[in-house]
Amino acid sequence: MGQNEEKRNYLDHPEPPPLIGMAAVPQTARFRALLAEHLRIAPQPVHAYVVGEHGDSEVLLWFCAQVGGMALEAFSQARGCPLTPGNRARIDEAVRKAACRIIEGKGATYYGIGAGLARLTWAILNDEKGVYTVSVFTPEMEGVTLSLPRILGAGGVEGTVHPQLDAAEQAALWQSAQIIKEAAAALGF
């Protein structure tokens, strides 16, 4: 580096890149894997997301979920693996309780977190422009940081994908944002 060249330092940059949270990345992966298991297929063609907070109010998006370009409900019927209310409840609970089961078995969830972090880092370093459920400040959702499908590339979060939600999912997402807002306020933010 020459004398006149400035060393790039993000700490000195007037607007540092926003922080990106990855809490919904493992939940989204679990949701896709459990749907694939129910449908008796590989998880790669399953496109489904978990949004909102990382916790009890996270929202599994069933309405916009797709498999191989087909709506999840239509695919499950065609495959002979219908998603009954009982099946949905079982998958929902398994996604929400997965971390507890992993901790009971392995003592921690750091392997999944490490794999998710490596995947997000790869997406940024390679300017992938993939869609991941990461968290950033979201002014339109109660002004909190929560997970939504976001386009991730060399610039970090380069856009937000607003999936089509049914009325129950929309209400649950707003409730999740409100829970985050109340928790932040209780901490003085």
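Which residues does F31 touch, not counting residues up to four places away in sequence? In this predicted model, the contacts of F31 are A48, Y49, V50, L60, L61, W62, I91 and V95. F31 is also among the residues with the most contacts inside the largest nonpolar core, together with L35, W62, L72, I91 and V95. That core has 19 residues. Two or more residues each come from α1 (24–39), β1 (46–51), β2 (59–67), α2 (72–79) and α3 (85–106). The most is given by α1, with five residues. Another core, of 12 residues, lies apart from the largest one and includes L165, L173, A177 and I180. In soluble globular proteins, nonpolar side chains tend to be buried together.

Helix α2 was examined for the placement of its buried residues. These are L72, F75 and S76. Seen down the axis of α2, the buried residues fall within an arc of 100°, and they therefore line one face of the helix. Their packing partners are α1, β2 and β3 (70–71). Just after α2, G80 has a positive phi of about 80°.

The pairing of β4 with β5 (residues 144–153) is antiparallel and extends over nine bridges. Within this pair, V131 has I151 of β5 as its bridge partner, and V136 stands opposite L146 in β5. The two strands form a hairpin with five residues between them. In the turn, E142 has a positive phi of about 65°.

S135 is located in strand β4. Its relative accessibility is 10%, below the 20% limit, so S135 counts as buried. The side chains of S135 and S147 are joined by a polar contact of 2.6 Å. Not counting residues up to four places away in sequence, S135 touches L19, I20 and G21, as well as T145, L146 and S147.

The side chain of R119 makes a polar contact of 2.9 Å with the side chain of Y132. R119 and Y132 are 13 residues apart along the chain, and their C-alpha atoms are separated by 9.7 Å. Not counting residues up to four places away in sequence, R119 touches E128 and Y132.

Notes: Residues numbered from 1 in each chain as written. Predicted model: local features only at pLDDT ≥ 70, side-chain atom pairs only at ≥ 80, totals over all residues. Heavy atoms only, no water. Core = buried A, V, L, I, M, F, W, Y, C linked by side-chain atoms within 4.5 Å. Buried < 20%, exposed > 50% of the residue type's maximum accessible area, 1.4 Å probe, protein only. Helix = DSSP H or I, 4+ residues; strand = E, 2+ residues; numbered from the N terminus. Contact = heavy atoms within 4.5 Å. Pairing = 2+ DSSP bridges. Arc of directions from axis to C-beta. Polar contact = N/O pair within 3.5 Å; in protein donor to acceptor, adjacent residues only side chain to side chain.
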